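Please keep the sequence and the model at hand while going through the numbered points.

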Amino acid sequence: MTYDRFNNRMPHWLSDQFFRPAELDHYARISRELLVTPTPQMLEFCDGAQEIVSRYNTDKALWRLFRQKVTERHPDLPAWQQDVCINGHKIRLRTY
């Protein structure tokens with residue numbers, strides 16, 4: 001049985017080759033542009049990111065492992081956060 005670093009049970013068929021480098025890099029680029037790590041809901045509005053959501057947001061553990069792989073590949077990204085303040089409005093992000 002495979003677990004990620006958050007101790008989530010991973011699908012048995014999953015391997016490191018499952019994660020496409022171009023998608024990891026695209027997510028990192030979006031994150032740098034937004035200055036936050038985007039949630040699946042935020043990605044729905046980003047150009048070309050809908051494929052990332054449809055591929056990796058099928059399972060909570062898979063999405064967490066995807067985010068973990070992005071962080072491993074791009075350690076300089078903004079920290080994962082629950083709350084973001086934009087123009088004085090506090091927005092609670094749902095991260096899973």
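This is a predicted model: local features need pLDDT of at least 70, side-chain atom pairs count only at pLDDT 80 or more; totals for chains, interfaces and linings use all residues.

1. Helices (H or I, at least four residues) and strands (E, at least two) are DSSP runs, numbered from the N terminus. By this rule the chain has four helices and two strands. Along the sequence they follow the pattern α-α-α-α-β-β.

2. Residues are numbered from 1 along each chain as its sequence is written, and side-chain values use heavy atoms, with hydrogens and water left out.

3. On the chain as a whole: a residue is called buried under 20% relative accessible area, exposed over 50%, and partly exposed in between (1.4 Å probe, protein chains only). Buried residues make up 41% of the 96 residues in the chain. A contact means heavy atoms within 4.5 Å. Among contacts with a separation of 6 or more, 59% are between residues 24 or more positions apart.

4. Helix H1 covers residues 21–34. The expected span of a helix is 1.5 Å times one less than its number of residues. H1 has 14 residues and reaches 20 Å from its first C-alpha to its last, close to the expected 20 Å. Just after H1, Leu35 takes a positive phi of about 70°.

5. Which residues of H1 are buried? They are Glu23, Leu24, His26, Tyr27, Ala28, Ile30 and Ser31. Their cover includes helix H2 (40–43), H3 and H4. An α-helix has 3.6 residues a turn, so residues three or four places apart point the same way.

6. Glu23 counts as buried because its relative accessible area is 8%; apart from residues up to four places away in sequence, Glu23 touches Ile52, Arg55, Tyr56 and Phe66. His26 is likewise in H1 and counts as buried because its relative accessible area is 18%. Leaving aside neighbours within four places in sequence, His26 is in contact with Asp47, Gly48, Ala49 and Ile52.

7. Gly48 is found in the loop between H2 and H3. Is Gly48 buried, partly exposed or exposed? Gly48 counts as partly exposed, because its relative accessibility is 39%. For Gly48 and Glu23, 25 residues apart in sequence, the C-alpha separation is 9.6 Å.

8. Arg32 also belongs to H1. Arg32 counts as partly exposed because its relative accessibility is 36%. Beyond its neighbours within four places in sequence, Arg32 is in contact with His74, Asp76 and Leu77. Arg32 and Leu77 are 45 residues apart in sequence, yet their C-alpha atoms are 6.6 Å apart in space.

9. Helix H4 spans residues 60–73. Its 14 residues should span 20 Å at 1.5 Å a residue, and its end C-alpha atoms are 20 Å apart, which agrees. The buried residues of H4 are Ala61, Leu62, Trp63, Leu65, Phe66, Arg67, Gln68, Lys69 and Val70. What covers them includes H1, H2 and H3.

10. How do H1 and H4 meet? Axes are lines fitted to C-alpha atoms, for helices over the stretch in contact, and angles run from 0 to 180 degrees between N-to-C directions. The axes of H1 and H4 come within 9 Å and cross at roughly 80°. H1 is therefore roughly perpendicular to H4 (angles under 35 degrees count as roughly parallel, over 145 as roughly antiparallel, 65 to 115 as roughly perpendicular and the rest as oblique). From H1, Pro21, Glu23, Leu24, Asp25, Tyr27 and Ala28 meet Trp63, Phe66, Arg67, Lys69, Val70 and Arg73 of H4.

11. A nonpolar core is a set of buried Ala, Val, Leu, Ile, Met, Phe, Trp, Tyr and Cys residues joined through side-chain atoms within 4.5 Å. The largest such core has 18 residues, of which Phe19, Leu43 and Phe66 touch the most other members. The elements giving two or more residues to this core are H1, helix H3 (50–56) and H4. H4 provides the largest share, five residues.
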